[in-house]
Amino acid sequence: MNSSGYKIFKFVFLAFWASFVVAPFLWALTTSFKTINGVTSGATYIPWVDYEPSLDGWRNVLGTGSQGINVIEPFISSAYVTIGASALSLVLGTFVAYGLSRFKYRAGFIRNGDITFFFISQRIMPPVVLSIPFFLMLQQLGLLDSIFGLILVYIALLMPIAVWVMVDFFNNIPKEIDEMAMLDGCSPLQTFLRVILPNAKPGLVVAGLFCVIFGWNDFFFAFTLTFTETQLLPVAIVSLNSSATPWWSLSASALISIAPLIFVAVLVEKYLDRGNLAGAVK
Amino acid sequence: MSIVAENINLTVDGETYLRNVSFELPNEDFFIIVGRTKAGKTTLLRLLAGLEEIDSGSLTLDGDDLTKMPPWERKVGMVYQQFINYPHLNNFENIAFPLRRAGLPEDKIAEAVNKVAAVLGVEEFLEKLPSELSGGQQQRIALARALVKDSKLLILDEPLVNLDYKLREQLREEFKNIFNDQRERLVIYSTTEPAEAMELNGTVIVMHEGEIIQIGAAEEVYNRPANTRVAEVFNDPPMNLVRGVVEGNRIHLNQDVIMALPAHLQNLAAGRYTFGIRAADINLKPDAYAAEVQLGEINGSETILHIKLGDISLVTEQEGVHQYDLGASASVDFDLNQLYVFDNNGDLLFSPATNSSFEKAMQDQEKDN
Amino acid sequence: MASIDLKNIAHSYDPTAKDPIFALQPFNLHWEDGGTYALLGPSGCGKSTMLNIMSGLLTPSHGQLLVDNKDVTHLPTTQRNIAQVFQFPVIYKSKTIYENLAFPLRCIKMNKHDIDRRVKEVADLLNLTNILSKSANSVSADTKQLISVGRGLVRENVSAILMDEPLTVIDPQLKFELRRKLKEISARYGHTLIYVTHDQNEAMTLADQVVVMDKGQIMQMGSPEELFENPSHMHVGYFIGSPAMNFMNCRLSDQGIHIDDHFVPMELEGIADSAALNMGVRPEYVSFSDTPVANSVPAEIVEVQNLGKYAIATAKFGNQRVKARLSGKSKLPSGATNLVLHKEHMRLYVDGHLYSAS
């Protein structure tokens, strides 16, 4: 299988795929340095050669430009909501997953599998179905249009992901390791904290990454459950889109919105290495 | 300290794991549970460790109910069949884990870990992770962790079963010395191999289908198996058991195999019995009973022959490595002085007068001294 | 049914490297049609690599694999007609035993009548006839493994059967039965059978010829008796037999060998002065005598262990420790005694290899 033909094919295919993935980023990047002239004068790519670069787009979205469209505040709100909801989902989801992995529950016809399905089923329904109940509930609680309200809603969305990833991960850690820890003097909670969690680190990273990605990128609930007080980044970016869209500002804010995810991905890259996942527990 | 179990029963999903199990384990002794797979060995050990609950019966430690005591309060060291270590800790920390839990000072921990690591020959691996070691080395780390702590009870559940046989041979020899130094605690070891029990030389508990069928010193169980089940489980290959009839001074195994009653069975009344004889006590000898070889197996340095004398299937054992074709003919003789007799319920009636030539040799030796 | 030749086979997982590391050192082997062979060695010795080469999961970096003189080195697994039985029983749990056995035949679209005939033949051989209609999941582990074996046997054009540690998950007591079955099968059907195992008992019992492997090298191929009586390498002496062969380091002198102060006259030639010499003797061939006799050396008993049917006595003389295996009928030694080393059972090893006068 290592013939040179195969190698060439592999290279061409990967190069094609990479350009497919990277092109939109480059496009957004050049656009963010353009002015209205650069955008309307046909396809231009290279600054200083094709067009005259300008920082207007960036100045605008950072609130220092003439148009004063600020994405800093939505960025911070989004960060609060995403970090808060992801952290809580991860903590709660990990506990739930450990329970589901290690203990047998029964209530009527309900068993562990049914409970796991219940969590995952939250993600099966289209978001629209959930939006009205969520809206009414937040309204009752007086939490509409607030960061805290959004965090609660996002926990409902993110925790199933955490549970799903972590149950699988815990199931791969032999039960005998728990037993060994108990025999070595750990209470069940100590066993969980001192032995199981350290071994589940790669799983926590994966689950956390999923939570952060889904939370950060959500538009639907951020849009339906907020009005004036609170605005999250995806909503802020979309609201830039009007009859006279400032494409340079839109591109700049899109890049700002992608940046944290790239940063997080680079940060946890070593944990996503498959070897690392497999080697943790054997 | 003594652990007393009375009429313990355990059934899970209709499958019986333990049935009317009763025993008394005194402090500071070495017990070896011998039984085939699924005999209930693991269940019993897990019960003692607090990892299993019982349906009925009682388990007490010095009179206190042990079933209410969670595992982390029991001070039990345990080594599993599988190589179980903490994957995220290096081997030093793995061994040190129970000591840290017990809150020992750092210098005491280092001292204890290094000491036990030296005994088990794992000093050079202490900085590595368990996953970087071979199976045998991983099991040594697990044993070191079980030995290092101040436990009253040390449980080893078939610790060698997943190792290559040469490694098993080597570790068995080391274990024997280590456990003989563990006189301040109760050590319980389980195995499927009677030879392992004989070599480790402790008190044997023979289990079969969830029941304890005999408790006694290894040699005692070997020489006087309480019933046919023990005779099978505690001999490898299992003891030959043949139904026969005693008439006058003769044993009829079938119409062709008729033998005179040996001296130690002179009091045997006429009737039907089950006769037992070890594979090693059936010898190849010219001009004796004609047999057909069903299969020759090699076991370590012995050759085990499965033979048929007419309708009787028997197993014999010979020293050395020899090859036989299927269907080859052989001539065998019984060492009748080594004949066991069981009644129709399978309980032992008579065992050889001088139970094995060994015991006799040992006795002679003692006399000589 | 077929003979198998492994010609100059060697394997490196990275053959283009400057100094390739060989998982399998170059070797030649010839296996007869209808023979039973075992590849024996500890994990990591290269036996799995060899198995994968034969089954077609791996193409060797060097050499050829011939089945009936036909080069199959580059043929995929499915075209080799080599059946394989794995360590863990592979069965279709939801199907009956009959359907499990019939499955490979259904895959090659054999007609119903022939399928029925073959399944019944194989079932008869394996004593599965009475339980053919049972669910394959409801039977014990050894029966499951027997079904796996049956599936390997059921195809008529199978040229060889590879068995990878087939008895690992089987209870020791049940192994007895299964071994007998496997032996019977090989005798009756005449398939070329190849066992891969780390268990010497299994290898020696099941195979006519055992290939002892270590660290990617073939140490010796021979009948169980040859391996036991004349190990060609110290490793084989250690690995075969329980307890292992005794090895005593010794030195060359005029007309013989000195083991500490004990002199063994031997005619030797061509041994370099720098060579490491070891005298090997099986514990079975060591005995004791109260009084000095020919070939005896004064020794002291360090330990005697009674294992029921036999005893192991460890004796010490000079810097040597020698184990003896004593049958139940002999008198057990103690204290100061004389160790008898029978010359015809002594084997000299020069740098690990058996010395033989050329």
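Two residues are in contact if their C-beta atoms, placed from the backbone, lie within 7 Å. By that criterion, the contact between chains A and B takes 18 residues from chain A and 17 residues from chain B. The model is predicted: local features need pLDDT of at least 70 and side-chain atom pairs count only at pLDDT 80 or more, while totals for chains, interfaces and linings use all residues. Residues are numbered from 1 along each chain as its sequence is written, and chains are lettered from A and ligands numbered from 1 in the order in which they are written.

**Chain A side of the contact with chain B**

- Helices H8 (175-183), H9 (188-199) and H14 (274-280) of chain A each supply at least two residues to the side that touches chain B; helices (H or I, at least four residues) and strands (E, at least two) are DSSP runs, numbered from the N terminus.
- H8(A) gives the most to this side, with six residues.
- By class, the chain A side has ten nonpolar, four polar and four charged residues. Ala, Val, Leu, Ile, Met, Phe, Trp, Tyr, Cys and Pro count as nonpolar, Asp, Glu, Lys and Arg as charged, and the others, Gly among them, as polar.

**Sheet and helix in chain B**

- Four strands of chain B form an open antiparallel sheet in the order E2-E1-E4-E5, where two strands pair if DSSP finds at least two bridges between them.
- Strand E2 (15-26) and strand E5 (64-65) of chain B are the edge strands, each pairing on one side only.
- Strands E1 (residues 2-12) and E4 (residues 56-61) of chain B run antiparallel and are joined by five bridges.
- Asn9(B) has Ser56(B) as its bridge partner in E4(B).
- Helix H1 (residues 41-49) of chain B lies across E1, E2 and E4 of chain B, at about 55 degrees to E2(B). Axes are lines fitted to C-alpha atoms, for helices over the stretch in contact, and angles run from 0 to 180 degrees between N-to-C directions.

- Chain C is divided into domain 1 (4-232) and domain 2 (242-354), with bounds from an automatic or database domain assignment.
- The centres of these two domains of chain C, taken over C-alpha atoms, are separated by 39 Å.
- Helix H3 (residues 112-125) and helix H4 (residues 141-154) of chain C pack at an angle of about 135 degrees, with their axes 10 Å apart.
- The contact is made by Arg118(C), Val119(C) and Val122(C) of H3(C) and by Gly150(C), Leu153(C) and Val154(C) of H4(C).
- These contact residues divide into four nonpolar, one polar and one charged.
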